[in-house]
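My notes follow in the order I looked things up.

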Amino acid sequence: MSDRERRDATPAPGATAPPREGARTCRQARRRTRRPTEVTLFSGVYGLVMAGAMAAALDSPGEASDPGSDALWVFLTAVASAAAHGYAHVVAHRASSGGRGARAGLRAMAAEWPVVAAATPTVVLLLLSLPPLWTEGTAVDTALVLNTLLLTGWGVWTAHSAGRGRGACVRAGAIDMIVGLVIIAANALIK
């Protein structure tokens, strides 16, 4: 290598050297494999399914109506699920990469906020159920339909953002819709 080639390859003072070819940090690899949109969609779908199933399970015919308590249980379950899911990521990364700090663990748990956000419409609908205009059963039924519509929309949007064609978008939305319909059917059969 000539002196000129060495000078051209040397970074200017104050500049950082380019990374070695093939060298990637763990953070760069994670960014490449799980984009924020993917995490948001995954956690959002999980939160919608969990909120719908919880609301359906808590709405028992013959019991005294207590929508405030049911809303609280849906919310607490969403928070606990988000924390547990984030913690599971921490444990998995610790096992594969030799340990991480407490701050990284808290960030991983906080990154699961879409689970709680997705449960919010169900919580709000339950809190708004004021007899005789709006019963808890009607709030649960409305939440199940709304969650199914949101699941369908998120399935379509996910496929579209991945660059899929119209057919694939419709299939993705239909598959997500089926999940919501299964919850609605289970709720109707159990009542």
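**A buried threonine and its helix**

I looked up T148 and found 7% relative accessibility, so T148 counts as buried. Buried means under 20% relative accessible area, exposed over 50%, and partly exposed in between (1.4 Å probe, protein chains only). I note that this is a predicted model, where local features need pLDDT of at least 70, side-chain atom pairs count only at pLDDT 80 or more, and totals for chains, interfaces and linings use all residues. Residues are numbered from 1 along each chain as its sequence is written, and side-chain values use heavy atoms, with hydrogens and water left out.

I placed T148 in helix α7. Helices here are DSSP runs (H or I, at least four residues), numbered from the N terminus. I then checked the partners of T148. Its side chain reaches the backbone oxygen of L144 at 2.8 Å. Beyond neighbours within four places in sequence, T148 is in contact (heavy atoms within 4.5 Å) with M177, G180, L181 and I184.

Next I took helix α7 as a whole. It covers residues 136-161, 26 residues in total. From first C-alpha to last it reaches 36 Å, close to the 38 Å expected at 1.5 Å a residue. Its buried residues include L144, N147, T148 and L151. Just after α7, I found G163 with a positive phi of about 85 degrees.

**A surface patch**

Which residues make the nonpolar surface patch of about 470 Å²? I listed L72, W73, F75, L76 and V79. W73 lies in helix α4, residues 67-97. With a relative accessible area of 48%, W73 is partly exposed.

Technical notes:
Patches are made of residues with over 30% relative accessible area and no salt bridge: like charges are joined within 9 Å, nonpolar side chains (Val, Leu, Ile, Met, Phe, Trp, Tyr) within 5 Å. Accessible areas come from the Shrake-Rupley method with a 1.4 Å probe; for residues, only the protein chains shown count as cover. A salt bridge is a side-chain nitrogen of Lys or Arg within 4 Å of a carboxyl oxygen of Asp or Glu. Helices (H or I, at least four residues) and strands (E, at least two) are DSSP runs, numbered from the N terminus. The expected span of a helix is 1.5 Å times one less than its number of residues. A polar contact is a pair of N or O atoms within 3.5 Å; within protein, one must be able to donate a hydrogen and the other to accept it, and residues adjacent in sequence count only if both atoms are side-chain atoms.
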